[in-house]
Amino acid sequence: MDQPDGCSAIRILLVDDEPSFRTSLAEMLREDGHGVGDHGAPAHVPALSSLKDVAILITDYEMPGTSGLALADAFHAQHPHVPVILVTAYRTTSLDAQVLDRPFLRFVQKPVDYVVLHTLIHEVCAGRRP
């Protein structure tokens with residue numbers, strides 16, 4: 001896909017407990033030229049302080065153990081200028097309110113339309129602060 005905003009070859013951290021979703025999304029992101037670190041649970045992610053090259057975190061909301069929202073908050077505390085995209089099949093008004101309370105966080109509903117996600121990735125990439 002075209003990447004006119006200079007966001008090609010960025011490093012994306014992907015955390016989702018659904019192996020088929022995670023694998024196919026990681027493959028599509030790699031085909032678009034991005035580096036992808038993909039993990040099946042927040043517990044499998046390396047120390048957040050060590051992830052200095054990550055440009056965007058994409059995480060599922062509903063996972064065993066730590067939720068994607070808790071991961072997003074912890075990641076944001078370490079990397080305040082890195083946007084986070086939260087994906088979930090379980091969207092609620094309560095979750096919408098929690099997302100709105102976090103300006104670094106964006107939301108995508110599952111099933112994910114890759115064109116929509118791709119557009120959002122480049123939108124948040126282009127808008128992130130140095």
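Student: Which residues are linked in a network of salt bridges?

Tutor: This is a predicted model. In it, Asp16, Glu18, Asp60 and Lys110 are linked in such a network.

Student: What makes the contact between Lys110 and Asp60 a salt bridge?

Tutor: A salt bridge requires a side-chain nitrogen of Lys or Arg within 4 Å of a carboxyl oxygen of Asp or Glu. The N to O distance between Lys110 and Asp60 is 3.5 Å, and their side chains therefore meet in a salt bridge. The pair links distant parts of the chain, with Lys110 in the loop between E5 and helix H4 (114-127) and Asp60 in strand E3, 50 residues apart. Both Lys110 and Asp60 are buried.

Student: How many salt bridges does the count come to by this rule?

Tutor: The count comes to nine. One of them joins Asp73 and Arg102, whose closest N and O atoms are 2.7 Å apart. Asp73 lies in helix H2 and Arg102 in the loop between H3 and E5, so this pair ties together parts that are 29 residues apart in sequence.

Student: Why is Arg102 called buried, and why is Asp73 called partly exposed?

Tutor: Buried means under 20% relative accessible area, exposed means over 50%, and partly exposed lies in between. Arg102 has a relative accessible area of 17%, so Arg102 is buried. Asp73 has 29%, so Asp73 is partly exposed.

Student: What makes strand E4 largely enclosed by the rest of the structure?

Tutor: Five of the five residues of E4 (residues 84-88) are buried, so the strand is largely enclosed. Val84, Leu86 and Thr88 point one way, Ile85 and Val87 point the other way, and all are buried. In a regular strand the side chains alternate between the two faces of the sheet.

Student: How do you know that E4 pairs with strand E3 (residues 54-60)?

Tutor: Two strands pair if there are at least two bridges between them. E3 and E4 have four bridges, in the parallel sense, and therefore they pair. Asp60 has Val87 in E4 as its bridge partner. The chain crosses from E3 through helix H2 (residues 68-78) to E4, and this β-α-β crossover is right-handed.

Student: How many bridges are there between E4 and strand E5 (residues 105-109)?

Tutor: There are five bridges, and E4 and E5 pair in the parallel sense. Val84 stands opposite Leu105 in E5. From E4 the chain crosses through helix H3 (residues 93-100) to E5, in a β-α-β crossover that is right-handed.

Terms used
Residues are numbered from 1 along each chain as its sequence is written. This is a predicted model: local features need pLDDT of at least 70, side-chain atom pairs count only at pLDDT 80 or more; totals for chains, interfaces and linings use all residues. Side-chain values use heavy atoms; hydrogens and water are left out. Buried means under 20% relative accessible area, exposed over 50%, partly exposed in between (1.4 Å probe, protein chains only). Helices (H or I, at least four residues) and strands (E, at least two) are DSSP runs, numbered from the N terminus. A crossover is right-handed if, with the strands pointing away from the viewer, the path from the first strand over the helix to the second runs clockwise.
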